[in-house]
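Please consider the sequence and the model together before reading on.

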Amino acid sequence: MNDTARAAILARLRAAPRSPAPAYPRPGTPAWAPPVHGSERLARFTALLEAAHAEVYQASATDWPARLAELLEQKAVARLLYAPTTPAGRQLAQAWGEATDGRPRLIAYDRPVEAMKETLVSGVEAALTGTLGGIAHTGSLVLWPTPDEPRLMSLLPPLHIALVEETAIADSLSALIASQHWAKAMPTNALLISGPSKTADIEQTLAYGVHGPKALIVLVIRP
């Protein structure tokens, strides 16, 4: 476009009649309130996760390592990836010790991801992570990955085991955000997990574990 054409276009725009934008009615606020499940919270959380092919078990704050050992022995898991610097990781290492009488061998996530790639992809059968909490309305886990317990731990090993405190299960995501004051420290990455990895093709044939863990075990830690 030459200067003459550009000047002509701008002149027409400047000469065009101007009028205020029409007033459009503002949409009303949707009539919606977060769901409240109250005493049925844990039951709903469990039912929805199990409906999505996850396994949900309950344990106390002291006996969950023993319960986890039983579950993994039944599944013939030989190696379990864990985060040794987290409170749950320290508790697990102390409870299991060096003995391997039926328990998986503990593999620590203690190096940069570049050095852990082979372990993550093919070096373990399962990985254990903590969670920030759960959502009863959708049967979802909430994870905030950290450098000590990165997102890949919940994505790459065939079996993901997640610990969730019963007291951290909220009715809804908005209730969880409010109760944990997310606004004061927003995460860079939050994961919502509602079962094992699954995908469906154009014929709606559902397949599990194509792009992530084939199975999910949730251990609810009761107070």
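Is R6 buried, partly exposed or exposed? With a relative accessible area of 38%, R6 is partly exposed. This value, like the others in this report, was computed from a predicted model.

**Salt bridges**

R6 takes part in a salt bridge with D3, with a distance of 3.0 Å from N to O. D3 is exposed, at 60% relative accessibility, because the cut-off for that class is over 50%. Both residues belong to helix α1 (residues 3-15), where a spacing of three residues separates R6 and D3 by about one helical turn. Side chains of opposite charge can pair when their charged atoms come close.

In the structure as a whole, a search finds seven salt bridges.

| Salt bridge | N to O distance |
|---|---|
| R6 and D3 | 3.0 Å |
| E55 and K75 | 2.8 Å |
| R67 and E70 | 3.1 Å |

E55 and K75 form a salt bridge whose closest N and O atoms are 2.8 Å apart. This pair links distant parts of the chain: E55 lies in strand β1 (residues 55-60), whereas K75 lies in the loop between α3 (64-74) and β2 (79-82), 20 residues apart. E55 is partly exposed at 25% relative accessibility, and K75 is partly exposed with a relative accessible area of 35%.

**An open sheet**

Turning from side chains to strands, the model contains an open sheet of four strands in the order β8-β5-β6-β9, with mixed pairing. The edge strands are β8 (169-170) and β9 (191-193), each of which pairs on one side only. Strands of a sheet pair through backbone hydrogen bonds, either parallel or antiparallel.

In which sense do strands β5 and β6 pair? Strand β5 (residues 133-135) and strand β6 (residues 140-143) are antiparallel, and three bridges join them. I135 has S140, in β6, as its bridge partner.

Technical notes. Residues numbered from 1 in each chain as written. Predicted model: local features only at pLDDT ≥ 70, side-chain atom pairs only at ≥ 80, totals over all residues. Heavy atoms only, no water. Pairing = 2+ DSSP bridges. Helix = DSSP H or I, 4+ residues; strand = E, 2+ residues; numbered from the N terminus. Salt bridge = Lys/Arg side-chain N within 4 Å of Asp/Glu carboxyl O. Buried < 20%, exposed > 50% of the residue type's maximum accessible area, 1.4 Å probe, protein only.
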